[in-house]
Every structure is written in structure tokens, then in C-alpha cells.
Amino acid sequence: MTALALFSGGCDSLIAMKLLTLQGIKVKAVHFNIGFGGNKDKSEYLRNAAEQVGAELVLIDIRKQFFDNVLFAPKYGYGKYFNPCIDCHANMFAQAFLRLEELGASFVVSGEVLGQRPKSQRKEALDQVKRLVRGFGSDERFAHLLAQDKVDSSKPQFLDELLLRPMCAKLLEPSFPEKMGWVDREGLLDVSGRGRTRQLELVKQWGFKYYENPGGGCLLTDISVANKIKDLSAHRKMVLEDVALVKVGRYMVLPDGARCVIARNEEENKKLSAPNPKMSHITLLDSKGPLGLVESSASDEDRILAARLTLAYAKHSGAKERVQVGESILEVEPLDKQKAQEFLFFKA
């Protein structure tokens, strides 16, 4: 028997997987990249963390699907910032169910704890996720998983019945894997609330070396990222490539309305160097410094200002220098760095 476990990298999902591997169930730890999981590559950590509980890590990129289908139109709205947690969780379950057969698994596991998070793990929120997942089950792509004629007792009638939450299973109705005896319900837990005592006891008992505490992992709960998404999406229709603009760099609003982003270090230079159909690159030709981006539709005045702003953060001579903005080469003086601060969307 094999289960697919949604794996954020956190302590709860690790414990949930461990509870299953202790029962001899093979677990594949699926980590979905939605594009907002953080700015650092966690793949090595995720692999080490999964291995310590006997699970196999599977990395799956769903950035475009999440951006196109979930981010801007969540049925159950957003949390405090720009985080569509309920719809995001349901979407991850749907993406996992779509891959059940491909990955040779029979059901999906989540490390959610009843009542731990105010937006997404209240009983009402879990029920909302359940309704969304059940709705996904009407899609023909899931037909092979379900006994829609109610005759085949080896399959559930509804897709959400194949979802198991080992951390709080004893507080919920038995799932199909429990009813079928694939999973021993007695080996699952009844954890609830925001406390961490039981989890930390288990971490110590099992000697986990790699684990993260819950919360703070999604950049959509970061006020800076959330507000930049709100600003840019109100200004124009965002494209997938814009995700980099709201995650890194100095985000600026120019007088004629163009948005400009300037990297703060070499790592951000690399992240902002990818092509973006809505943005023009700003490249310094005579100085060493950051890469900038300005909207391709910007006015001439905003393009010149964007070039001067980018030069302001470089090691410049103080005199006029050549800066390439898109296909054009401009000769501009650097703006005073203190003056440049005035255009920052988030001011220090």
C-alpha cells in the first residue's frame, strides 16, 4: 500500500508520514512548488527530512496551474494577506489525486491539525476543503478512482473520502483508507489546537534531525509580497513571470505609473534576469551594479528615471554613464540615492 503525502517540510507533515511508515505503508512525500514557497532552494532539506521518516521525496512544479486557476479567483477568499489557503489546500489535494495512478498510490495524506491555523484548519475550513475536493471529483479525470455507480465497494463514492489527516484523524469521521483497513485508525492521533507539546514530544522520541515549525513558509502571508501583488494586479493584468517582481528586489512606482524593480544583490540579479513579456531589462554598461526592470509600456520619462534609479544603486562615477533599457541605450546621470528612496513602494 502506498500513500501520497502533501509535504510542506514542516513538523506536522513529517509526523503524519511517520505514523504511516510505522504501519508498513510506503509513503511518497509530494512537495508542490506553487511559486510562493520562499526564496531559497529547500530541495536538499526536503529530501533529508523525508528520508528520516522513510518517505521518498517527489518534487512537482504547479506554478502555472496555481497562478492561472487559484491565485486570483479563490472561491473561499483570502486570509489576512493574499493567501487563498482553503482553495490552495484543496487544489493541492486535487493535483495529488491526479497523480495517484502515475505514482502508484491509493490515497492522499495531509499533516493538517484541527484548529491549528485560524484561516485554513478550523473545522469549518476543513469542511470547505472537503466540499471543494468533492466537487473536483465530478471531473472525468477522477472517474477511475470512484465507484460513482455505488456498486464497486473497493472504491469510494466521493473523492474527498480518499483524503486522510493522520494528525487529527481520531477527531474526524473515518476516511475510506481507515474503513477499508488500509490504515489502522488506532495508530493515528487526535491532536488539535495551536499547542506544539505533543508534536515536539514525538520529534524528540523519534530523534528527528530535520524539521520546521509551522507557519511563515508561504510568501503569500508576507505583507510586502501581498501588497505588491495587490498593487501590480490593480495596475495591470499580471503574468506568471511577474511572480519574481513581487518576491525580490526594490519595488518602485514611478511618476507616470510604470512599475520598476531593482535587484539588491547578485542572487536577485539572477532571479530578475529571466525574460518577462511585460518588462524591459535595465543593464548598466559602464558600472558594476544591479539589474533593473521597468515596464515595457513605460513613458520615455519613466524609462529615463528607471535607468537613473538603477544607476543610483551601482558603483558609479557620478557622471553620465550608459544604461541599456530594453533595446535603447541611454546616457544618464545617477539619481541621488536618498532621492531614489522616494519611489520605493515600501519605504524604510
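Visitor: Helices (H or I, at least four residues) and strands (E, at least two) are DSSP runs, numbered from the N terminus. How many helices and strands does the protein have?
Guide: There are 12 helices and 11 strands. Keep in mind that this is a predicted model, where local features need pLDDT of at least 70 and side-chain atom pairs count only at pLDDT 80 or more, while totals for chains, interfaces and linings use all residues. Residues are numbered from 1 along each chain as its sequence is written, and side-chain values use heavy atoms, with hydrogens and water left out.

Visitor: What order do the strands of the open sheet come in?
Guide: The order is β3-β2-β1-β4-β5, five strands with parallel pairing; two strands pair if DSSP finds at least two bridges between them. The edges are β3 (56-61) and β5 (163-164), each pairing on one side only.

Visitor: How many bridges are there between β4 and β5?
Guide: 2 bridges, in the parallel sense, with β4 covering residues 107-109. Val-108 has Leu-163 in β5 as its bridge partner.

Visitor: And which strands does helix α1 lie across?
Guide: Helix α1 (residues 11-21) lies across β1 (2-6), β2 (26-33), β4 and β5, and runs at about 160° to β2. Helix α2 (residues 43-52) also packs on the sheet, where it touches β2 and β3, and its direction makes about 145° with that of β3. Contact means heavy atoms within 4.5 Å. Axes are lines fitted to C-alpha atoms, for helices over the stretch in contact, and the angles run from 0 to 180 degrees between N-to-C directions.

Visitor: Switching topic: how far apart are the end C-alpha atoms of α4?
Guide: They're 20 Å apart, which agrees with the 20 Å that the 14 residues of α4 (residues 85-98) should span at 1.5 Å a residue. The expected span is 1.5 Å times one less than the number of residues.

Visitor: How many residues of α4 are buried?
Guide: 13 of its 14, so it's mostly covered. Buried means under 20% relative accessible area, exposed over 50%, and partly exposed in between (1.4 Å probe, protein chains only). Of the protein's 348 residues, 51% count as buried.

Visitor: What about aromatics, how many pairs does a search of the whole structure find?
Guide: It finds 9 aromatic pairs. One of them is Phe-72 with Phe-82: the ring centres are 6.1 Å apart and the planes at 70°, so the pair is edge-to-face. Rings of Phe, Tyr and Trp (its six-membered ring) pair if their centres lie within 6.5 Å, and planes under 30 degrees apart count as stacked, over 60 as edge-to-face and the rest as tilted.

Visitor: Is Phe-82 buried or exposed?
Guide: Phe-82 counts as buried, at 7% relative accessibility, whereas Phe-72 is partly exposed at 35%. Phe-176 and Trp-182 are another edge-to-face pair, with centres 5.5 Å apart and planes at 85°. There, Phe-176 counts as buried at 8%, and Trp-182 as partly exposed at 22%.

Visitor: Which residues form one aromatic cluster?
Guide: Phe-67, Phe-72, Tyr-78 and Phe-82.

Visitor: Last one, the hairpin: how many residues sit between β10 and β11?
Guide: 2 residues, and Gly-326 in that turn has a positive phi of about 65°. Strands β10 (residues 321-325) and β11 (residues 328-332) run antiparallel and are joined by 5 bridges. Val-323 has Leu-330 in β11 as its bridge partner.
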